[in-house]
Amino acid sequence: MGRQDDTSDDRTPGAFGPPSRRRVLRLAGGGLALAALTAGTVGCDEDAVDVEEPGSADGDEPKGGGEGSGDGGGAGEKGEAPEPLWTKPTSAETYGDNDELVAAGGVVIASGSPLAALDAATGGQKWSLPGGAVPGAPLLLSEDTLYLASSDYDGSVIGYAPASGKETWRSRLGKEYRQPRPIAVDEEQVYVIAEILEEDGSSRTNVIAALNSTTGRVAWKEQRDVGTEQNGIHAAVRGRHLVYTDFKKNLTVRDTASGGQVWTHKTTKTNYGFFTVHQDLVIVPQGNVLQAFNLADGKEKWSLEASDGALFREPAVLEDVLYVTDSARTMRAVDPRTGKQLWKSEALADAGLQAPRQYVKAGDTLYGATDLDKQGGIIAMDARTGAVRWTFNDKTGDYHAWLVATDGKRVFALHGKKLHALPV
């Protein structure tokens, strides 16, 4: 067995302190961190903002909110946000992770219990699973399968057809493992992390494993070091490389064929585990520097520094362009191969809007979803310049993060218990 995940804890000078309770809720979703939190403490942290009283939950369509500049992106007159095509109440139980809202097979699905798939065009329910999604486990979507951790907590990982909700695949890691959660998928394998059970039923270690996506058989499994966590995992696969992070601030790359660890780097306290990948590079925000590392050997390929000490936020590569915003709300489009800046925009700061933390793209419009409600929502931006076209906000004041997904025909915006479909 090769070198394992580093569990040491760095302290970056000048970095933020421990993550806020709201961010812990978002990142740890359903893990041990949640057990230590209570509903009464939500909002008492550095992320807190004044919020409006929640509106009615009767499913009425909200009015489009906010003003912007430019046309496109489904905008109404004078750059106003478009009216939703439909708005539906949901059973959503989300923590703000980007993989808790997915659109595929003509349906849109928000993590919750029961897990309901709504018709993308009408909002009508197509199917539901009574057990729902396991809190904190992603809605992991491949080309034609939705992978879920079993809500029966029987050690199974199950695949469903998104369009019908019918079970198409099932695998079980083994009785000696508990709560396997899928973290990534490619054309051949589903990658999971699970707790290793001790004789007394406790667990001090966890395992990362690959399951064959055709047979369900275990392709390989590797025990991770004592002290590593199975919560707060963000993962992606590119070719022979599985990339993931956890709360221990490690960026780790493994070989998808053998499970052996290829390399690992520390990430900063301000990163919270977010990264993106493009071709043979993994791109990571590290405080005020954005770094790109070769997947094969971990060597730095390029870096980009933010101005005035601003900290980079969550990055995304969409249609071969890297989009990233910093804490000063300056947005950049970057060539992910070279790190060359394509454009820089101050439009978010000029409009007094929050920095998005999740992005999708449809046509020439970039849609960003923000953390909190009052100064954000869904922001439509010109993907060629960063100009703000419009902002949609349902005015509920709900403290949950906004989530966004698209099927190319519509943009789906989830906020708390309401799901909106917006025209593109």
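Where is Q279 placed? In this structure, which is a predicted model, Q279 sits in the loop between β18 (276-278) and β19 (281-286). Its phi is positive, about 50 degrees, although Q279 is not a glycine. Most residues other than glycine have a negative phi. A second case is Y153, another residue other than glycine, with a positive phi near 50 degrees. Y153 belongs to the loop between β7 and β8.

One further backbone detail deserves mention. Most peptide bonds are trans. The bond from S113 to P114, however, is cis, with omega near 0 degrees. P114 lies in the loop between β3 (107-110) and β4 (115-119).

Let me now turn to the chain as a whole. It contains three helices and 32 strands. Of its 424 residues, 57% count as buried. The accessible surface of the chain comes to about 17,700 Å², and carbon and sulfur atoms hold 47% of that surface. Among contacts with a separation of 6 or more, 47% are between residues 24 or more positions apart.

What does the largest nonpolar core look like in terms of its residues? It has 16 of them, and those with the most contacts inside the core are Y323, M331, L348, Y359, L366, M381 and V388. Several elements give two or more residues to this core: β22 (316-318), β23 (321-325), β24 (331-334), α3 (347-351) and β28 (378-382). In soluble globular proteins, nonpolar side chains tend to be buried together.

If we leave aside its neighbours within four places in sequence, M331 is in contact with Y323, V324, T325, W343, K344, S345, L348, Y359, L366 and M381.

Is β28 largely enclosed or largely open? Five of its five residues are buried, so β28 is largely enclosed by the rest of the structure. In a regular strand the side chains alternate between the two faces of the sheet. For β28, both faces are covered: I378, A380 and D382 are buried on one side, and I379 and M381 are buried on the other.

Which strands pair with β28? Strand β27 runs antiparallel to β28, and five bridges join the two. Here G368 stands opposite I379 of β28. Strand β29 (residues 388-392) also pairs with β28 in the antiparallel sense, over four bridges. In that pairing, the bridge partner of I378 is F392 in β29. The hairpin of β28 and β29 has five residues between the strands, and G386 in this hairpin takes a positive phi near 85 degrees.

We come next to the charged side chains. The structure holds 18 salt bridges, and I shall describe three of them.

The pair D154 and R170 forms a salt bridge whose closest N and O atoms are 4.0 Å apart. D154 lies in the loop between β7 (146-149) and β8 (156-160), while R170 lies in strand β9 (residues 167-172), so the pair ties together parts that are 16 residues apart in sequence. Both partners are partly exposed: D154 has a relative accessible area of 27%, and R170 stands at 40% relative accessibility.

In the pair E314 and R313, the side chains meet in a salt bridge of 3.4 Å, N to O. E314 counts as buried at 6% relative accessibility, whereas R313 is partly exposed at 21%.

D371 forms a salt bridge with R357, with the closest N and O atoms 3.8 Å apart. D371 is in the loop between β27 (365-369) and β28, and R357 is in the loop between α3 and β26 (358-362), so this pair ties together parts that are 14 residues apart in sequence. Both D371 and R357 are buried. Moreover, salt bridges that share partners join R313, E314, R357 and D371 into one network.

Is R224 buried or exposed? With a relative accessible area of 2%, R224 is buried, because buried means under 20%. Which side chains does it meet in polar contacts? The side chain of R224 makes a polar contact of 2.9 Å with the side chain of N206. A polar contact of 2.6 Å joins the side chains of R224 and D246.

Thank you for your attention.

Conventions:
Residues are numbered from 1 along each chain as its sequence is written. This is a predicted model: local features need pLDDT of at least 70, side-chain atom pairs count only at pLDDT 80 or more; totals for chains, interfaces and linings use all residues. Side-chain values use heavy atoms; hydrogens and water are left out. A nonpolar core is a set of buried Ala, Val, Leu, Ile, Met, Phe, Trp, Tyr and Cys residues joined through side-chain atoms within 4.5 Å. Buried means under 20% relative accessible area, exposed over 50%, partly exposed in between (1.4 Å probe, protein chains only). Contact means heavy atoms within 4.5 Å. Accessible areas come from the Shrake-Rupley method with a 1.4 Å probe; for residues, only the protein chains shown count as cover. A polar contact is a pair of N or O atoms within 3.5 Å; within protein, one must be able to donate a hydrogen and the other to accept it, and residues adjacent in sequence count only if both atoms are side-chain atoms. Two strands pair if DSSP finds at least two bridges between them.
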